[in-house]
Amino acid sequence: MDKRQQVFIDGQWRDAADRATFDVLNPATGDVIGTAPMCGRPDTALAIDAAHKAFLTWREAGSEARAQIIYRMYECLMDHQVALGALLTEEMGKPLAEAKGEVAFGAKFFKWFAEETRRVYGDVIPSPWPDKRIVVTKHPVGVVGAITPWNFPNSMIARKLAAALAAGCTMVVKPASQTPYSALAYGDIAEEAGVPPGVVNILTGRASEIAAEMCENPKLRKISFTGSTEVGKRLAAQAGAHMKRVSMELGGNAPFIVFDDADLDAAVEGAMISKFRNAGQTCVCANRVLVQSGVYDQFAEKLGAAVRALKVGNGVEAGVTQGPLIDEAAVDKAREHITDATSLGAEVQVGGDSHELGGLYFQPTLLTNVPRNAKIFSEETFGPVAPLFRFETEEEAIAMANDTEYGLACYAYTADLGRAWRLMDKLEYGMVGVNEGLVSTEVAPFGGVKDSGLGNEGSKYGVDDYLDIKYSLIGGLKT
Ligand code: SIN
């Protein structure tokens, strides 16, 4: 699969209107691996026009035709899994096995939503009047703008695009500038799958200009964003001024709670995947590991051994389990959280600084005895740093876990079923992993509460985010 260096609008590959470009880097080497068009408002308006024209026929295509094309996208993604995985590692840095896994995960959303296309049901509401009927039908919201992040360059688009296409919407996708190629590859996938021109449009470039056009252009009806809470709030306000619907999948500050009665080996395994997958650069990452006093030392020792076993390096090399971070700002943030915590008394058990490989490589890090006033308790690190906090009681753990403005994912390890249910009830989060460190799947709703966002992606609920409800009252019926 080629590394596309043009944007995909109305089924055509093209440059930005002013032919401007920007460089794309490989975070593992710092090398420039290509360029991508620096699009602005005129290009975005063109893409929205194309998506709007295509919407008028795509929404009428019928569920069977749409389902077949969406299913074909699943097949095409899987056919190109290896090449897409390599592209993803080159521009983003995650180990190849994780990258290929992400492509397969992204593909599953197309398979799932191909099936959901057939299940966009309405309702007939029992009428209070003998001569009238009440009918509820669901309709695609229209053209959707998707703004997606660099940490999952393939699957974050899949989550939005597959659901939107199933609903009958068309889309303009703006990926993060660090990772344009996995996104632009969707142009090839769409062509190969037989998606009509204009239904899927992908453009790279100036985020603020593209977002402004999306928010203000009356032909675009909804914005779906995955990224930071700070940007999400700004975007939601901008979209709200034009009464656009929004879905927001924003930051997290996930607690990972380990109780005295937990299976500690399972908890270590869960903590490793939750904290160190993608070098800690996921919004559902365990950000605070809360451990009950009775098992604190034992858990810290076991987790330390697992953290030490991680292999840092270029994601294309065999056996590497942690690639580079995405940029200098990510490295600075990890270092800042460690420095702040240690200045307040935390101890570094493993790692603690940049990796000897240099560049954007960072040591997988374990901190113990971290005090609650450390920044890492309240801010998302988005890096490979696991801070351990101590608690005594269940009530205290719940209070600590909920002491944040975020509410995306949380995790708890316990053998007590009653406690597990209490936690599911009381933890103020959109997703709860009980004895599980990874909750993402296409069949379940992914989304947060509080400052972590609005709406759900994946599952039977995911398609609702792209549908409007219409109520029709049919009167004048003879009784
Ligand atoms: C994220 O959005 O950062 C997490 C993605 C996932 O776990 O599916």
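**View 1. Gln292 is a buried residue.** Its relative accessible area is 7%; buried means under 20%, exposed over 50% and partly exposed in between, with a 1.4 Å probe and protein chains only. Gln292 belongs to strand S13, residues 286-292. Helices (H or I, at least four residues) and strands (E, at least two) are DSSP runs, numbered from the N terminus. Gln292 touches Val258, Phe259, Asp260, Phe391, Glu392 and Thr393, leaving aside residues up to four places away in sequence. Contact means heavy atoms within 4.5 Å.

This is a predicted model: local features need pLDDT of at least 70, side-chain atom pairs count only at pLDDT 80 or more, and totals for chains, interfaces and linings use all residues. Residues are numbered from 1 along each chain as its sequence is written, and side-chain values use heavy atoms, with hydrogens and water left out.

**View 2. Seven strands make an open, mixed sheet.** The order is S14-S15-S16-S13-S12-S18-S19. Strands S14 (347-350) and S19 (431-434) are the edges, each pairing on one side only. On average, neighbouring strands are turned by 25° against each other, direction ignored. Two strands pair if DSSP finds at least two bridges between them.

**View 3. Strands S15 and S16 pair in the parallel sense.** S15 covers residues 365-368 and S16 residues 385-391, with three bridges. Leu366 has Ala386 in S16 as its bridge partner.

**View 4. Helix H9 packs on the sheet.** H9 (residues 264-276) touches S12 (254-258), S13, S15, S16 and S18 (409-413). Its direction makes about 170° with that of S12. Axes are lines fitted to C-alpha atoms, for helices over the stretch in contact; angles run from 0 to 180 degrees between N-to-C directions.

**View 5. Helix H13 lies across S12, S13 and S16.** H13 spans residues 394-402 and runs at about 140° to S16.
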